[in-house]
Amino acid sequence: MLLVRQLRLALGSSQQAAFVAAQKRLGVSPGQVAFAGVARLSVDARRTPPVLVYSVALALADPAAEPALAGRPGVVRLERPPAGLLPLKTPARRLMHRPVVCGLGPAGLFCALALARQGYRPLVLERGPALDGPGGRVRAVEAFLAGGPLNPNANIQFGEGGAGTFSDGKLTTRIGDALCGLVTDTLLAHGAPPEIAWQQRPHIGTDLLRGVILSMRKELEALGGQVLFDTALTGLVQKNNRLAGVNTTAGPLPCEALVLAVGHSARDTFAMLAQSGLPLCCKPFSVGVRAEHLQTEIDKGLYHGAAGHPGLPPGEYQLSRRLSSFGGRCVYTFCMCPGGQVVPAASETGGVVTNGMSLHARSGPNANAAVVVSVDGADFGGDAMRAIGFQRGLEQAAFVAGGGGYAAPAETLGSFLDGCGRLELGRVTPSYARGVRAASLGGLLGDGLSGALRAGLRAFGRMLPGYDAPDTVLTGPETRTSSPVRIPRNSDTLEAEALPGLYPCGEGAGYAGGIVSAAVDGLRAARAILAGWQPASGGE
């Protein structure tokens, strides 16, 4: 496939006009083209009138002809390097028992499916319920959003699909691993929208992602894998300095290979690991708030005079500023959800956590994104459990500030910049389902973090016109941007340095950040097991 970039067309030009322009630049006829799609569409509003800037993904009927065209100005070939999972030689050791995968988020699901495809029949532990059914995760989340009680094991963080299920389904990643292609192919095979294969900022949407996850789980089970829902990991069994089994809420299980893919919010699991003597490192993460604007105002700031044009997608932004006056902390936007909503993402009773979610259409009136400040091990003396305690303390203080009942503390941006603690609503109606209550977010975050956040928001207002509008709604806290924990592992075998047989992977173990990177790390863990062990024989 070829990517033809920087196709500058008049405002109002159609996708078809962009396809014709791409063919002209390549010097090919329509009959030579097997496929064309819009990879990216932006607006250059620096001049009057504004112009549309297209990037078109285009595949020729004869792929062998593509390399000769890739050197033309603005044309690159999208080549996907082969991603091999199978070992070069058969491992000498054989598993006595099925491998166990703990967690059915992106890392655990992709790992388990890869193992199942090679005949390893993995056993998956998922502390939460399945997505579907009367007692399923979707029903539990919907009930909580409607004002019901929090289920600590069935919420926006926990259950089949992991935290990414109730998000925007973003597939953007900065990693260049060849396994990214395998992730995309698997998602497509299970019903993801076809445009994720070529869009530069692909997303699935939480509504469509649920069906993809269910389809992947059904393939896993059809291949002999088994998922134990509502079953949590409670302990590790060690023998001769190796993993020999696990303890679970359903009883003990023998195993020599455990993939730990628990996600960034499994705090009780992290505590169990620390009590078992497993070293945990404190890694950088970030905390802050959700900033909510009208989507039309974000479009104006990005597209200027072209805002509102029917051919333009909802505007997306990504902003950052490093602040030397605040010890070099970085303030940045994260997980931007066009046309989305702010959602209650608590997983512990008595705490408030926010996150963002969009459906595939991204058609809601508001845009939201996390605006967060970086913290790291130096803030917590390198103690991972202290970092978790810091997160928990913010969430519990937010619960109190919201008045209980999982309402969230909120403040309009003008008030936050002035340190007033008021919620002076204007054009933006808060979308947080459990309701919001006026509170001082500066008092919640403390002087250092709130000062950095104020400086960052002022800078973002200069970068994106209207971003610092006084009636922008800030809802807090956003504390689960990534795991504060990293479990050290061997770079070759991917086993925990302190316990062979344990394979920490994904976001919770500190090796990923997002759906694709977590899925890739799950595939890496599967590859390590394939290279180290033959599958168990018989029905073990």
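Residues are numbered from 1 along each chain as its sequence is written. Because the model is predicted, local features need pLDDT of at least 70 and side-chain atom pairs count only at pLDDT 80 or more, while totals for chains, interfaces and linings use all residues; side-chain values use heavy atoms, with hydrogens and water left out.

**Helix pairs**

Helices (H or I, at least four residues) and strands (E, at least two) are DSSP runs, numbered from the N terminus. The table gives the two helix pairs; axes are lines fitted to C-alpha atoms, for helices over the stretch in contact, and angles run from 0 to 180 degrees between N-to-C directions.

| Helix pair | Axes come within | Crossing angle |
|---|---|---|
| Helix 7 (residues 267–275) and helix 9 (residues 384–401) | 11 Å | roughly 155 degrees |
| Helix 3 (residues 106–117) and helix 5 (residues 179–189) | 12 Å | roughly 85 degrees |

Helix 3 is therefore roughly perpendicular to helix 5. Angles under 35 degrees count as roughly parallel, over 145 as roughly antiparallel, 65 to 115 as roughly perpendicular and the rest as oblique. From helix 3, Phe110, Leu113 and Arg117 meet Val183, Thr186 and Leu187 of helix 5, where contact means heavy atoms within 4.5 Å. By class, this contact has four nonpolar residues, one polar and one charged. Here Ala, Val, Leu, Ile, Met, Phe, Trp, Tyr, Cys and Pro count as nonpolar, Asp, Glu, Lys and Arg as charged, and the others, Gly among them, as polar.

Helix 7 and helix 9, by their angle, are roughly antiparallel to each other. Their crossing is left-handed, meaning that the near helix is turned anticlockwise from the far one by less than a right angle. Arg267, Phe270 and Ala271 in helix 7 touch Met385, Ile388, Gln391, Arg392 and Glu395 in helix 9. Four nonpolar, one polar and three charged residues make up this contact.

An open sheet is formed by three strands in the order 8-9-10, with antiparallel pairing; two strands pair if DSSP finds at least two bridges between them. Strand 8 (233–239) and strand 10 (251–254) are at the edges, each with a single partner strand, so one side of each has no neighbour in the sheet. From one strand to the next, the twist averages 25 degrees.

Strand 8 pairs with strand 9 (residues 242–248) over six bridges in the antiparallel sense.
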